[in-house]
Every structure is written in C-alpha cells, then in structure tokens.
Amino acid sequence: MSKAIVLMLLSGLVIFGLAACTPGDDYVFRIGIAQISEHPALDAARDGFIEALEYYGVRAEFDQQNAQGDRATLPGIADRFVQNEVDLIMAIATPTVQAMFAATDTIPIVGSAITDYVEGAGVVESNERPGTNVTGASDMNPIPQQIEMIRTFVPGIQTLGIAYSSSEANSVVQADVAAEYAESIGLTVVRSTVTAVGEVQQNMLALATRVDAIWIPTDNTHADAMPVVGQVSIETGVPNFPGERQMVMGGGVATLSIDYFALGWESGRMARDILLYGANPAEMPIRFGMDIGLEYIVNGHMADAIGVEIPAQFANYVNWGE
C-alpha cells in the first residue's frame, strides 16, 4: 500500500463530536518517541506516526530515543520523558510500552507495533476499554491466513517449525496462536526458541532438520537476524515464512503482512485525538493493523535460491528488491 493511498484512506476516518481543546495555536507539544531497536518495520511505524501528526497539523517537537536492542536502557528513556514532562509518549514494541507504563500513569502513552496490549504486554485492561493511560495500534498478524499461505507454497507439508524469542511476550503470544491453528488442521508443530540474536543460526539449523517449513512471528530478535535466517534456508532448502514484509525481504520467502507505516499512522491519529481534542486513552479502544489493510509479498530472490515454486495466485506479489 503506497503512502498516498494510506493518506487518502486514513485522513477520511475522522472522529466526530470531539470539541477541540488545543492549548493555543502557537503551542508546541513535546512528544517522546521510544523505540526498542532499529529495523525497517519499527522505523516505518515511527515514520507513519510522525507524518500523521504533521499531516493533521499537530505542532510538535519530538524527542526520539532508541534503545538499540538493549532493554536495560528503556527505564532510563522513560525517566527522561517523565522528567522533561512530555505531553505524550509514543512507544514502539512491547518491551518499550511496558517500560513507559512502569514509569508513569499520568502521561498519555500511544503504542505501535505491539501485538497484545492485554496479556502479552499487561498494560491495558481490555482492547475495548484500556482503562489506563495506554492505548494504541496492534500489529497482531493474520496468523491462520499466513499458515494457509505456507500450505500453498509447500504442498504436502506435514511438519511446521515455529521459531521465536521466548523472551519477547509478543512473540510467545503469536507462537501459541500459530501452534494451536497449525495443530487444528493436522500439522505437527516443532517449536524452537532463542533469547538472543547470537543463538539464531544454531537453532535455525537444528530446526531445519526436523521440519518442512518454518514460520516466524513479528519477533524483534529474528528480525535483526534475517540475513542469517535466510542463509540457513538457502543451505538447507527449508523455506522460512516470517510475519511481516520487511523480514521477508531480509531473508524470508513470503508472507501476508500488515503495513507498518499505516499502523504508525493510526497511532498518530490517536495521538492527535488525545492532544487536540482531549480524548482519554482509557476510553480509546485498541486498533488493529489487520483492519487497516493486508498485502502479500514474495521475495523472488529467496524463492529462486531455495527452489520454491511460486504458486500462480502469488505471481503478482513477487518483489525482487533493489
């Protein structure tokens, strides 16, 4: 989905009946943006958030902080935002929103690229009514559809590997959903977990000897290691199917992905409603990327390298990169 289309679609979704309560036309909001690590999907969510606020005319100064994958630095980032009395915090990824929520119960927090705000992150009471100072947009994947796609790419598949980080709550939630669905349709599931990027290669090599294909959730650890994951697939001939498009282009074969720029844009619209119209995060339902739009993507280079035949219905979704 192009940014132009995203703008046209989302700009029309206006919440009616809210009375503007802007502090003043010349007021510049202070917004802290915290990001767990740097990779294309999370960067796209951040960019969508910023561009949405600019599009809607929200005057803001952004304090952008990136933990570079080190969770231990997140509490310090949260303390910085609290001490600087920012007007709103944008938290990207599950560990980030957890750290921000632990630091303040008064500053509004809008999340993005967070799979499960309720059980996975534990920062809201329910998706329908958060009940806290946190709301945002979820990147929960269309997991059953992704697994059905894998069955099309790998006819006769009997055993599905699920590779994820056991230290990422969002990944555990997705892995449980994937395993339950895969088993319900008669597949044997083999799980493989890691806690750090350095463990990915060995675990993927071991997993590839036991399965016909591998599914990977939107997992930050594996996202950072996709070149390694891709090389293992090439060496073993076992295709991997990650949860989002940037991971696919980094070393996967194919997926049905949400649009992370659009997800960040949705978070930006929510922030606008809080800052300009006084909307209460506690009363703002969590929004889902699956409702914004989905798109198939196939990495032509990886399919060729592994020898995977691209099914005819996916021919229009092949991407050859740069």
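**View 1. Parallel pairing of strands E12 and E13 in the predicted model.** Strand E12 (residues 294-299) and E13 are paired in the parallel sense over two bridges; strands (E, at least two residues) and helices (H or I, at least four) are DSSP runs numbered from the N terminus, and two strands pair if DSSP finds at least two bridges between them. Asn-299 stands opposite Asn-319 in E13. This is a predicted model in which local features need pLDDT of at least 70 and side-chain atom pairs count only at pLDDT 80 or more, whereas totals for chains, interfaces and linings use all residues. Residues are numbered from 1 along each chain as its sequence is written, and side-chain values use heavy atoms, with hydrogens and water left out.

View 2. Three strands form an open sheet in the order E10-E12-E13, with mixed pairing. Its edge strands are strand E10 (254-258) and strand E13 (318-319), each of which pairs on one side only. Helix H5 (residues 143-153) packs on this sheet and touches E10 and E12, contact meaning heavy atoms within 4.5 Å. The direction of H5 makes about 160° with that of E10; axes are lines fitted to C-alpha atoms, for helices over the stretch in contact, and angles run from 0 to 180 degrees between N-to-C directions.

**View 3. Strand E5 and its pairing with E4 and E11.** Strand E4 (residues 109-114) pairs with E5 in the parallel sense over four bridges, and Val-134 in E5 is the bridge partner of Ile-109. E5 also pairs with strand E11 (residues 287-288), in the parallel sense and over two bridges; here Ser-138 stands opposite Phe-288 in E11. Strand E5 (residues 134-138) is largely enclosed by the rest of the structure, because five of its five residues are buried. Buried means under 20% relative accessible area, exposed over 50%, and partly exposed in between (1.4 Å probe, protein chains only).

**View 4. Ala-93, a buried residue with positive phi.** Most residues other than glycine have a negative phi. Ala-93 is not a glycine, yet has a positive phi of about 90°. The residue lies in the loop between E3 and helix H4 (94-103). Ala-93 is buried, with a relative accessible area of 1%.

**View 5. Glu-85, an exposed residue with positive phi.** Although Glu-85 is not a glycine, its phi is positive, at about 50°. Glu-85 is placed in the loop between helix H3 (74-83) and strand E3 (88-92). With 55% relative accessibility, Glu-85 counts as exposed.
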